[in-house]
Amino acid sequence: MAENDELSKLAERQQRVLQQLAALKQDLLSLRTELKINKPAAASSVSPQKTKGQLKAEPINLINLQDFVINASPEHVPYSLLALKNLWKDRLNLQVECFTHSTVPKLSDEAVNFQKAISSTSEAIASQLPVIKVTLIWKNVGTYTEMITSPTSYVPICGEVNILRYLSRCGPSEYNYELLQNVVEVDSILDACYLLINKQNIKQRQQILRTLGAKLGKTIGFGGEDVSMCDIAFTSAVKQVQRTVGKDINPNMAKCIARVATVVGM
């Protein structure tokens, strides 16, 4: 008798659980139907990614403009810094001060010329602009240029391309590649530029250069008519490794590099 009572109670509990599950299922179905109805309205409130021509010059967020240090090898000059300084000259003052670490007995001619170019500025214009102060230290860090944003925690951002990504977010909005429609493709090109600098094997560099050449195709630049972050990263990377892959640079890649050099002084 007691056993039958237990079975009866168990059956009742199971029935209640089944009823609760059925009610929950109905709630989920109702919620899914509601979401399907509201989906177009919700999607319309999200700003779509834009093309370069549609990006607007928004006020620069001064909170992002912290000072930082870059350690770079004089054998691997971070040309993208000079490119950004010139590209942003009417919007943001990238103020660079250079020092030489004791591990570097003498700067290369390339580094000396770069230092002169990046240290010069038009005071009349620069004094009216928001400022990012950069301390560039020539140091034997090899190909792994590093940026330190917090000296106390010392968590570096490694690689010139990744520094370029960081600065793209901090700088003028019209140059922030993450707002573009083809952001995934841009990131893949930037990754390839990073590998072009940091791969020491010549055959690997040649393969990466061919991949970049295929992505560029016959266009004037990776970003079309406007000089893009990809064009800057590509030009800087090629200038650093041209001793090993110079003969593999096709005519259209050479045109792209020459255009970047003319427009942003690299």
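**Helix packing and a cavity**

The axes of helix 6 and helix 8 (residues 229–245) come within 9 Å and cross at roughly 10 degrees. Angles under 35 degrees count as roughly parallel, so helix 6 is roughly parallel to helix 8. This is a predicted model. Two numbers describe a pair of packed helices: the angle between the axes and the distance between the axes.

Which residues make the contact between helix 6 and helix 8? Helix 6 brings Val186, Ile189, Leu190, Cys193, Leu196 and Ile197. Helix 8 answers with Met229, Cys230, Ala233, Phe234, Ala237, Val238, Gln240 and Val241. By class, this contact of helix 6 with helix 8 has 13 nonpolar residues and one polar residue. No charged residues take part in it.

Now turn to helix 2 (residues 79–87) and helix 5 (residues 160–170). These two pack at an angle of about 25 degrees, and their axes are 9 Å apart. The cut-off for roughly parallel is again under 35 degrees, so helix 2 is roughly parallel to helix 5. The crossing of helix 2 past helix 5 is right-handed. On the helix 2 side, the contact uses Tyr79, Ser80, Leu81 and Leu84. On the helix 5 side, it uses Glu160, Leu164 and Leu167. These residues of helix 2 and helix 5 divide into five nonpolar, one polar and one charged.

The next pair is helix 7 (residues 202–216) and helix 9 (residues 251–264). Their axes come within 10 Å and cross at roughly 80 degrees. Angles from 65 to 115 degrees count as roughly perpendicular, and helix 7 and helix 9 are therefore roughly perpendicular to each other. Leu209, Gly213 and Leu216 of helix 7 touch Asn252, Met253 and Cys256 of helix 9. Four nonpolar and two polar residues make up the contact of helix 7 with helix 9, with no charged ones.

Last comes the space inside. How many cavities of 30 Å³ or more are there? The count comes to one. The largest cavity has a volume of about 40 Å³. Its lining consists of Thr143, Thr145, Gly159, Glu160, Val161, Tyr194, Ile197, Asn198 and Gln240. Helix 5 and helix 6 (183–198) are the elements that give two or more residues to this lining. Which helix gives the most? Helix 6 does, with three residues. By class, the lining has three nonpolar, five polar and one charged residues.

Some names return here. Glu160 lines the largest cavity, and Glu160 of helix 5 also meets helix 2. Ile197 and Gln240 line the cavity as well. Both of these belong to the contact of helix 6 with helix 8.

Terms used. Residues are numbered from 1 along each chain as its sequence is written. This is a predicted model: local features need pLDDT of at least 70, side-chain atom pairs count only at pLDDT 80 or more; totals for chains, interfaces and linings use all residues. Side-chain values use heavy atoms; hydrogens and water are left out. Axes are lines fitted to C-alpha atoms, for helices over the stretch in contact, and angles run from 0 to 180 degrees between N-to-C directions. Helices (H or I, at least four residues) and strands (E, at least two) are DSSP runs, numbered from the N terminus. Angles under 35 degrees count as roughly parallel, over 145 as roughly antiparallel, 65 to 115 as roughly perpendicular and the rest as oblique. A crossing is left-handed if the near helix is turned anticlockwise from the far one by less than a right angle, and right-handed if clockwise. Contact means heavy atoms within 4.5 Å. Ala, Val, Leu, Ile, Met, Phe, Trp, Tyr, Cys and Pro count as nonpolar, Asp, Glu, Lys and Arg as charged, and the others, Gly among them, as polar. On a 1 Å grid over the protein atoms alone, a cavity is a set of points where a 1.4 Å probe fits but cannot get out, and a pocket is an open set with protein on both sides within 12 Å along at least five of seven lines; lining residues have an atom within 4 Å of a point. Grid points are joined across faces, edges and corners, and a volume is the space filled by probe spheres set on the points.
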